[in-house]
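This report is written for a reader who is meeting the structure for the first time. Please look over the sequence and the model before reading on.

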Amino acid sequence: MKLGRLNHVGVATPSIEKSITLYRDMLGATKIHEPFDLPPQGVRVCFVDTANSQIELIEPLGADSPIVKFLEKNPLGGQHHVCFEVPDIHAAKAEFEANGARALGEPRSGAHGTLIFFVHPQDMGGVLTEIMETPKAHT
Ligand code: CO
């Protein structure tokens, strides 16, 4: 496995607008991207830049969003996943599976427009882990 940079930490929130206020006014974030809908993943997304990475704020998009249950358990929101870059998404998926870890579905287009998949948290020490093919601009 070729581990790339930590692309982002995913933070689930019941309200991107409220979270933006926190990250801007409490943490001093100055680069907050425009929120957008990501229907294939059932979430609305907003990236907040940090000096070395990003926070991905995710809010449910529709009642069957995959983060609805998470927010029922964590009504304030909370840390949802971490995302690491890899140079080759298909090679990475094959390596996880060869090591007995479960990929949740096939690679699909993620919030940065490159292919992503998630690894089952039970196979990653309890951490829902997103694997993303490195965006071209970062190479
Ligand atoms: Co993510």
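## Strands S1 and S5

Valine 11 has glutamine 79 as its bridge partner in S5, and this pair belongs to the contact between strand S1, residues 6-12, and S5, which run antiparallel and are joined by six bridges. The model described here is predicted, and the positions discussed below should be read with that in mind.

Helix H1, which covers residues 16-26, packs on the sheet and touches S1, S3 and S4, while its direction makes about 155° with that of S4.

## The sheet as a whole

The strands form an open sheet of eight, in the order S2-S3-S4-S1-S5-S8-S7-S6, and the pairing within this sheet is mixed. Its edges are strand S2 (36-38) and strand S6 (103-109), each of which pairs on one side only. From one strand to the next, the twist averages 30°.

As background, the strands of a sheet pair through backbone hydrogen bonds, and they may do so in either a parallel or an antiparallel sense.

## Strand S8 and its two neighbours

Strand S8, made up of residues 129-133, is mostly covered, since four of its five residues are buried. With S5, which spans residues 78-86, S8 pairs in the parallel sense over five bridges, and here cysteine 83 stands opposite glutamate 130 of S8.

With strand S7 (residues 115-119), by contrast, S8 pairs in the antiparallel sense over four bridges, and isoleucine 116 is found opposite methionine 132 of S8. Helix H3, formed by residues 89-98, lies across S5, S6, S7 and S8, and runs at about 15° to S7.

## The largest pocket

Which residues lie nearest the centre of the largest pocket? They are Gln41, Pro66, His80, Arg108 and Phe118, and they belong to a lining of 16 residues. The volume of this largest pocket comes to about 250 Å³.

Sorted by class, the lining of the largest pocket holds ten nonpolar residues, together with three polar and three charged ones. Strand S3 (43-49), strand S4 (54-60) and S5 each contribute at least two residues to that lining.

Notes:
Residues are numbered from 1 along each chain as its sequence is written. This is a predicted model: local features need pLDDT of at least 70, side-chain atom pairs count only at pLDDT 80 or more; totals for chains, interfaces and linings use all residues. Side-chain values use heavy atoms; hydrogens and water are left out. Buried means under 20% relative accessible area, exposed over 50%, partly exposed in between (1.4 Å probe, protein chains only). Two strands pair if DSSP finds at least two bridges between them. On a 1 Å grid over the protein atoms alone, a cavity is a set of points where a 1.4 Å probe fits but cannot get out, and a pocket is an open set with protein on both sides within 12 Å along at least five of seven lines; lining residues have an atom within 4 Å of a point. Grid points are joined across faces, edges and corners, and a volume is the space filled by probe spheres set on the points. Ala, Val, Leu, Ile, Met, Phe, Trp, Tyr, Cys and Pro count as nonpolar, Asp, Glu, Lys and Arg as charged, and the others, Gly among them, as polar. Axes are lines fitted to C-alpha atoms, for helices over the stretch in contact, and angles run from 0 to 180 degrees between N-to-C directions. Contact means heavy atoms within 4.5 Å.
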